[in-house]
Amino acid sequence: MSAAPYALERQFGLSAVRRACALTSSVFNKLVKNETLTKGDKSPVTVGDYAAQALIGTMLTKAFPADPIAGEEDAAELRADEGKVLRDRIIELANEALVAPLVEGDKAEWCIGPGQEKTTAELLDAIDRGNYDGGRTGRMWTIDPIDGTKGFLRGEQFAVCLALLVDAQVQVGIIGCPNLPVDPTNPDGERGCIFVAVKGQGTQQIPLSGFTETTITMPKLTPSALTSLESVEAAHSSHSTTDTITTILGITRPSVRMDSQAKYGCLARGDGGMYLRMPTGVGYREKIWDHASGNLLVTEAGGVVTDSRGQPLDFGLGRTLGENFGVIATGKEVHAAVLDAVQQAIGTKAKA
């Protein structure tokens, strides 16, 4: 029996994201809780971002050496003399993550496991592999090593995001959420889970503490039964527009605000019903790594993701999604009603 499409990429992605989740949680415990690093340029989130991208970039270099990477960070600042303190901390953390013992699904040939330390030059080069400009054709990975930086610093929601795109279509999407409750009905219970989707193969949730996979799907809801998921930061998404949309739809529940692509994971498992990211009007362009993984998680769980015109998100325009028309993610059966409410709220009915 032949392996399912993208089986190796899925296995690799789970391994890389699981390691990066452990790394970022270690950064929080060592540097945020203890405040052993100063704020500003040497903030813990900077260390975590760089170290996690170095880790995943190193693994990708060995697993899929021909694949380009579009990532959030580059190593220019770290190569400068004044970046030495930051650089040394990042190299130490990245190597700690690389040499951690192998677990289920890991392969030593991906440069992980005991004795797999890398040099500073190798790790900086791994970070710089994330400078790909994107495009319409071929394979490409996207990395967001810590999505939701303010949530990370608060000890709340953040995500490690990795996706494989082929000809501008997301084929594999993985989101690790170290602080997200495994069971949404037990918010004080075990925390830490990974969401994974492969196109045509559904969406699964896996606890970070183990390897048992559970297929998740979005429930069928009526518009008034939805709960809106939105960003904590008003700079990222217009809260006032979302309030208008929920009023039009007859939704009385307050919106749930959380940082990062963890919202996509929550939506895929039925914890919410609608994720809106409405433009704030300041010319911001969404980065492809902020939505690639989540887009696939939701669609494979039975949902729909479009912009405010009803068009699919276009991951073939480069490192951004182009002009910002917002993001609407919801169930298939309510998408038309939500889209209509969005267009009423922003006063720009999309042309047929």
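Axes here are lines fitted to C-alpha atoms, for helices over the stretch in contact, and angles run from 0 to 180 degrees between N-to-C directions. Helices (H or I, at least four residues) and strands (E, at least two) are DSSP runs, numbered from the N terminus. This is a predicted model, in which local features need pLDDT of at least 70 and side-chain atom pairs count only at pLDDT 80 or more, while totals for chains, interfaces and linings use all residues. Residues are numbered from 1 along each chain as its sequence is written, and side-chain values use heavy atoms, with hydrogens and water left out.

**Helices α4 and α5**

The axes of α4 (residues 84–98) and α5 (residues 120–128) cross at roughly 90° and come within 10 Å. The two helices are therefore roughly perpendicular (65 to 115 degrees). In their contact (heavy atoms within 4.5 Å), α4 supplies Arg 87, Ile 91, Ala 94, Asn 95 and Leu 98, and α5 supplies Thr 120, Leu 123 and Leu 124.

Five of the five residues of β6 (residues 203–207) are buried (under 20% relative accessible area, 1.4 Å probe, protein chains only). Thr 203, Gln 205 and Pro 207 point one way from β6, and Gln 204 and Ile 206 the other way. Strands pair if DSSP finds at least two bridges between them; the pairings of β6 are tabulated.

| Partner of β6 | Sense | Bridges |
|---|---|---|
| β5 (residues 191–198) | antiparallel | five bridges |
| β7 (residues 214–216) | antiparallel | three bridges |

Cys 193 stands opposite Pro 207 in β6, and Gln 204 stands opposite Thr 215 in β7. The hairpin of β5 and β6 has four residues between the strands, and Gly 200 takes a positive phi near 85° there. The hairpin of β6 and β7 has six residues between its strands.

Terms used
Parallel < 35°, antiparallel > 145°, perpendicular 65-115°, else oblique. Buried < 20%, exposed > 50% of the residue type's maximum accessible area, 1.4 Å probe, protein only.
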